[in-house]
Amino acid sequence: MIKKLLLVLLAVVSVSASFAQKIQSPEEFLGYKLGEHFTPHYRIVEYFKYVAQASKNVKLQQFGTTNEGRPLLAMFIASDENIGRLEEIRHNNLRVAGIESGAVIANVPVITWLSYNVHGNEPASSEAAMWTLYDLVDPSNTQTQAWLKNTLVVIDPCLNPDGRDRYVHFYNSVVGATPDATQTAREHAEPWPGGRVNHYYFDLNRDWAWQQQKETQARVGLFNQWLPQVHVDYHEQGYNAPYYFAPAAEPYHKDITPWQREAQILIGKNNAKYFDQNGWMYFTKYEFDLLYPSYGDTYPLYNGSIGMTYEQGGISAGLAVVTRSGDTLTLVQRVAHHHSTSLSTIETASANAQKLKDEFKKFYDNSRANPPGEYKTYVIKNDNNNKINALATLLKRNGIQYGFGLSGKSATGYNYINGKTEQFNVGANDLVVNAYQPKAVLLHVLLEPKTFIPDSNTYDITAWSLPYAFGLKAYGVKESFKPATAEWGIVAPKALINTHAYAYVSAWQSVGDVKFLSALLKKKIKVRYTEKSFESAGKQFAPGSLLITRAGNDRADFDQVVTQTAAELNQELTPLSSGFVDKGSDVGSNDVRYLRQPKVMLVAGDGVNSEAMGEVWHLFEAQLGYPISLIRYQDLGRTRLADYDVAIFPDGRYDDFPSDKLVSWVRDGGKLIAVENAVGYLADKKGFLIKKKEDKKDDKERDKTVKVYGDRDRDAIREQIPGAIFKLNLDNTHPLGFGLPDYYYSLKLNDDVYELFGDNDGWNVGTIKKDSYVSGFAGAKAKQKINNGLLLGVQSLGRGTVVYMADDPLFRSFWENGKLLFSNAVFMVGQ
């Protein structure tokens with residue numbers, strides 16, 4: 001009897017243990033089959049937290065939060081042997097790369113990182129992430145358990161939770177009891193701005209290198225702590241397209257290694273095997289190239305990984321949609337496709353684990369011993385501490401080592417400004433980057449003056465060199481020089497204590513200076529600026545320099561507020577004991593203007609380019625800390641424009657443009673700032689002087705070559721500019737050019753050029769000549785058109801002003817030099 005009871009007890013214990021080991025699938029946990037509903041982000045988080053408690057083979061890490069407070073998660077999945085030594089594996093990987101010192105161990109897994117749902121309205125992959133996680137932690141899945149013996153898998157289930165929830169909440173609120181697969185049904189038409197972008201309307205898939213957004217800073221920070229051997233970025237594309245996976249399309253950047261190319265084919269063929277078995281349509285080697293450095297595939301490639309993008313057809317498809325071919329594409333199918341490539345990629349990584357690790361080591365060994373490119377040292381001149389600080393911060397976030405100064409005082413190198421090789425002096429605070437370091441490939445890609453483009457048919461911009469983007473003088477040196485001081489060499493300005501100045505002067509050369517102005521205005525400190533240069537207190541001050549005078553700021557805490565604000569922002573101040581200057585106009589002259597605090601309005605809503613609008617919003621709110629009102633374009637008719645001093649129209653399509661109302665408001669003292677395509681909507685409108693520069697060739701001069709249908713894509717490229725750098729002549733005596741040299745590097749995304757203003761019509765502040773091209777691809781016809789015209793202009797209209805900016809000065813927020821230009825338009829012009 002006792003024996004029988006013991007047997008029963010053992011059976012119960014055994015059954016209980018088996019139940020304890022059972023982990024719920026997503027379907028069991030959520031209560032529906034994946035693909036039958038869109039899962040809100042919080043439920044995805046709950047499932048990942050559940051698995052973290054239920055499985056002993058995982059570690060869940062929250063590595064940040066979004067702008068709207070949603071958690072950013074990464075799940076690490078490994079074998080029994082490896083899950084307890086994650087930090088050992090991580091540090092070993094960094095030692096292999098040469099980023100950390102110490103002995104390298106051999107018995108470590110290959111690291112495969114899967115990133116899902118960077119675009120919020122491409123939501124199928126987050127659903128697939130839950131399925132993939134379940135397959136990896138299911139003890140009964142012998143196949144995945146075998147892979148985990150030599151593979152550590154990292155799953156980021158949603159890179160853009162704010163955007164995903166914006167889309168999912170929209171769709172779930174409009175779908176009926178049964179999904180409507182008709183293409184024109186309401187559920188397939190997202191309202192502005194759509195779910196693709198994050199809170200500030202940034203495309204996070206184009207922010208990997210620049211790290212302007214909170215989510216990217218956290219994610220890339222974690223990525224650089226691990227540096228996986230394989231990384232996949234999961235996307236969706238238009239629902240009429242079949243599935244896309246590696247190998248990628250040309251052009252490949254020249255620094256991508258033969259193994260990285262080979263591995264793309266290896267992984268792609270394994271994906272194809274499963275798609276072939278299921279009869280699923282797919283394509284490779286088309287459209288999605290590997291050039292622009294800030295994508296979820298290229299950034300990992302430039303950091304030694306096998307970086308890839310996978311694209312499932314499905315944007316705007318909802319739960320079901322009828323495609324152009326007459327088939328019905330469902331979310332269930334989309335999830336299954338992403339799940340298949342997830343497992344297939346892990347399988348391939350496991351099967352080639354040693355080769356992946358060996359080539360990863362080779363990548364970093366070559367980087368440290370034989371860095372790519374002809375320049376082995378880059379010297380960026382410190383003309384402004386704020387700009388150098390901003391550049392150094394970006395380099396540091398990317399793990400690029402740098403220092404300041406050289407042991408010698410001169411060197412010979414390629415001058416980025418004039419394109420000549422010449423001798424130059426190196427100052428103690430000049431930023432120096434030596435190429436012999438682990439991140440040699442990435443630094444070469446980001447700093448090389450001209451990007452080599454083997455194929456002009458590209459998916460994104462083709463020029464981004466950081467010295468041009470930051471507006472800093474730079475030299476490429478063919479010799480290897482090590483900086484005199486490691487990392488930070490700039491001394492913070494000395495804080496002023498117990499001063500009692502007639503006035504304080506601050507430079508106006510960077511967005512840091514604009515942030516200081518914003519802080520003063522918020523504290524009700526009145527600020528002036530000089531329109532002409534002057535000398536005082538042994539220093540020379542350029543036009544645009546800020547003057548904070550005691551006059552007009554009659555308050556007991558004046559000195560304390562000004563000096564304390566400067567100290568908090570590391571802003572250098574020069575106290576003046578008198579308004580009588582040594583050279584130039586005195587502080588009380590007409591050349592010193594009172595800077596009125598503007599109330600700023602930014603147009604948003606239907607028709608407006610959400611990403612362009614988001615750049616302005618982010619600049620004001622997240623970088624300057626200056627208030628800005630967002631007004632929907634469709635509400636302009638009932639908006640009292642007199643309540644605002646500045647109205648900003650970003651790039652967009654402005655149907656029924658209210659030109660008469662805007663002209664009246666400008667005449668009464670308003671300032672209108674039009675950017676990119678918004679400028680085109682003002683062209684030829686009554687009251688606005690801007691006119692588009694047209695191609696004046698007559699029909700006889702036009703190309704009469706008979707076109708070949710098969711060459712249509714290539715022919716179209718001749719008229720395109722996917723993103724190239726041009727050098728403008730800048731009138732820096734005009735307030736729009738204050739704080740900048742007499743040139744400005746503009747990133748052109750189109751061939752728009754405008755007629756120069758006549759002598760009495762307006763100010764030609766930024767003009768372009770025939771030989772203004774600097775870097776990147778520009779089609780022959782487009783390049784021919786971009787000459788002898790206007791790109792930056794200012795028109796006086798009554799008591800107000802119109803500022804025309806044909807190019808986007810805030811492009812993706814990494815075009816640092818444009819931030820001062822744009823701030824000039826808001827704060828300086830028209831005062």
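Here are some friendly notes on selected features of this predicted model.

1. **Ground rules.** Because the model is predicted, local features need pLDDT of at least 70 and side-chain atom pairs count only at pLDDT 80 or more, while totals for chains, interfaces and linings use all residues. Residues are numbered from 1 along each chain as its sequence is written, and side-chain values use heavy atoms, with hydrogens and water left out. Helices (H or I, at least four residues) and strands (E, at least two) are DSSP runs, numbered from the N terminus.

2. **Helix 6 against helix 12.** Axes here are lines fitted to C-alpha atoms, for helices over the stretch in contact, and angles run from 0 to 180 degrees between N-to-C directions. Angles under 35 degrees count as roughly parallel, over 145 as roughly antiparallel, 65 to 115 as roughly perpendicular and the rest as oblique.

3. On the helix 6 side, the residues in contact include Ala124, Trp131 and Leu136, and on the helix 12 side they include Leu331, Arg334, His338 and Ile346. Contact means heavy atoms within 4.5 Å. By class, the contact of helix 6 with helix 12 has nine nonpolar, five polar and three charged residues. For these classes, Ala, Val, Leu, Ile, Met, Phe, Trp, Tyr, Cys and Pro count as nonpolar, Asp, Glu, Lys and Arg as charged, and the others, Gly among them, as polar.

4. **Helix 17 against helix 24.** Helix 17 and helix 24 (residues 816–828) pack at about 40 degrees, with their axes 9 Å apart, so helix 17 is oblique to helix 24. Val511, Val514, Leu517 and Leu521 of helix 17 meet Glu816, Lys819, Leu820, Ser823 and Phe827 of helix 24. By class, this contact has six nonpolar, one polar and two charged residues.

5. **Helix 18.** Helix 17 has another partner in helix 18 (residues 558–568): the buried residues of helix 18 pack against strand 20 (503–506), helix 17 (511–522) and strand 24 (546–549). Those buried residues include Phe558, Val561, Val562 and Ala566, along with Asp559. Buried means under 20% relative accessible area, exposed over 50%, partly exposed in between (1.4 Å probe, protein chains only). Just after helix 18, asparagine 570 takes a positive phi of about 55 degrees.

6. Asparagine 303 is found in the loop between helix 11 (298–301) and strand 10 (306–315), and it counts as buried at 0% relative accessibility. A polar atom of its side chain lies 2.8 Å from the backbone oxygen of tyrosine 299. Leaving aside neighbours within four places in sequence, the contacts of asparagine 303 include Phe223, Leu227, Phe360 and Lys439. Leucine 227 deserves a look of its own: it lies in the loop between helix 9 and strand 5 (230–238), and its phi is near 55 degrees, a positive value in a residue other than glycine. Leucine 227 is buried, with a relative accessible area of 0%.

7. **The loop between helix 8 and helix 9.** Histidine 188 lies in the loop between helix 8 (161–174) and helix 9 (214–226) and is buried at 8% relative accessible area. Its side chain reaches the backbone oxygen of alanine 320 at 3.4 Å. In the loop between helix 8 and helix 9 you will also find proline 193, which is joined to tryptophan 192 by a cis peptide bond with omega about 5 degrees. Glutamine 211 has its place in the loop between helix 8 and helix 9 too, with a positive phi of about 50 degrees although it is not a glycine.

8. **Leucine 689.** Finally, leucine 689 lies in the loop between helix 21 (677–682) and helix 22 (712–717) and is partly exposed, with a relative accessible area of 32%. The C-alpha atoms of leucine 689 and valine 794 are separated by 9.6 Å, though the two are 105 residues apart along the chain.

Key: A polar contact is a pair of N or O atoms within 3.5 Å; within protein, one must be able to donate a hydrogen and the other to accept it, and residues adjacent in sequence count only if both atoms are side-chain atoms.
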